[in-house]
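The following account leads the reader through one protein chain, from its pairing of elements to its overall make-up and then to a single residue. Please keep the sequence and the coordinates at hand.

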Amino acid sequence: MYAFPLTIGIVVSLATKVAANCCVPSQFQASIDTLESLSSVRDKRFIRLTVSYDAKFKKTAVHAIAETEEDQYDQINDFEAQKTYSWSRGICHVQPLGPFTPACIPADAKLVRKSFLGVSPNTWNLKTYLLQSSSDLQYFGTIGDNCIPVELLKTSTKIPQPDGQYMWMFYNVTMGIKDRSVFTPPKFCSQKGNVKRNAGSRSLFQQPFHIFGK
């Protein structure tokens with residue numbers, strides 16, 4: 001398990017380099033504290049996610065706890081079945097799902113920072129990559145050769161920023177999937193009256209982050 005209760009970093013390099021293609025661990029579970037700031041309305045939302053990621057069997061699962069009930073949800077992406085299940089407050093949305101894309105750092109990303117996490121002698125090397133598109137900038141921090149995620153910051157390139165900002169902080173990262181039932185949709189997602197097909201908004205885990213898919 002990787003946890004970072006105390007974070008101290010010293011920048012040892014700010015040279016910009018093209019990143020080597022590195023993918024996050026093929027199976028891991030993590031907690032993520034997310035902060036969403038919508039600049040246009042000065043609204044801020046704090047959401048805590050429990051995430052399960054399985055590239056071997058092409059599945060992801062998210063459980064979201066939020067300050068308001070309307071922001072709480074659960075979601076399972078089953079890429080083999082090409083379906084996504086998202087449910088909240090007794091209603092399940094079933095939508096078609098495209099092909100699976102591994103969570104990898106794109107070849108055109110730039111390595112913009114080398115630092116470390118922790119306190120000596122218990123430290124981990126930290127690398128931060130810049131991912132840029134026409135609509136946003138993303139800074140993705142990882143540790144280790146297998147790119148264990150620790151932080152992700154997305155900001156709009158537009159001024160002012162109508163799309164807002166997103167920040168993810170990863171902790172309690174564990175390798176493997178402890179309980180595979182996290183990838184099983186609840187029974188009411190197959191019961192008439194509780195299911196809405198091809199409906200519903202995209203969850204936070206489906207926001208346009210280049211790292212974690214579409």
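Two strands are said to pair if DSSP finds at least two bridges between them. The model under discussion is predicted, and strand 5 (residues 73–78) pairs in it with strand 6 (residues 83–88) in the antiparallel sense, over 5 bridges. Asp 78 has Lys 83 of strand 6 as its bridge partner. The hairpin of strand 5 and strand 6 has 4 residues between the strands, and in this hairpin Gln 82 takes a positive phi near 60°.

Strand 6 is also joined to strand 7 (residues 91–96); these two run antiparallel and share 6 bridges. Here Trp 87 stands opposite Cys 92 in strand 7. The hairpin of strand 6 and strand 7 has 2 residues between the strands, and Arg 89 takes a positive phi near 55° there.

These elements belong to a chain with 13 strands and 0 helices. Of its 214 residues, 43% count as buried. Among contacts between residues at least 6 apart in sequence, 53% join residues at least 24 apart. The chain exposes about 11800 Å², of which carbon and sulfur atoms supply 53%.

Leaving aside neighbours within four places in sequence, Met 167 is in contact with Asp 33, Thr 34, Leu 35, Leu 152 and Leu 153. The C-alpha atoms of Met 167 and Thr 155, which are 12 residues apart along the chain, are separated by 8.7 Å.

Conventions: Residues numbered from 1 in each chain as written. Predicted model: local features only at pLDDT ≥ 70, side-chain atom pairs only at ≥ 80, totals over all residues. Heavy atoms only, no water. Contact = heavy atoms within 4.5 Å. Buried < 20%, exposed > 50% of the residue type's maximum accessible area, 1.4 Å probe, protein only. Areas by Shrake-Rupley, 256 points an atom, 1.4 Å probe, with all protein chains shown as cover.
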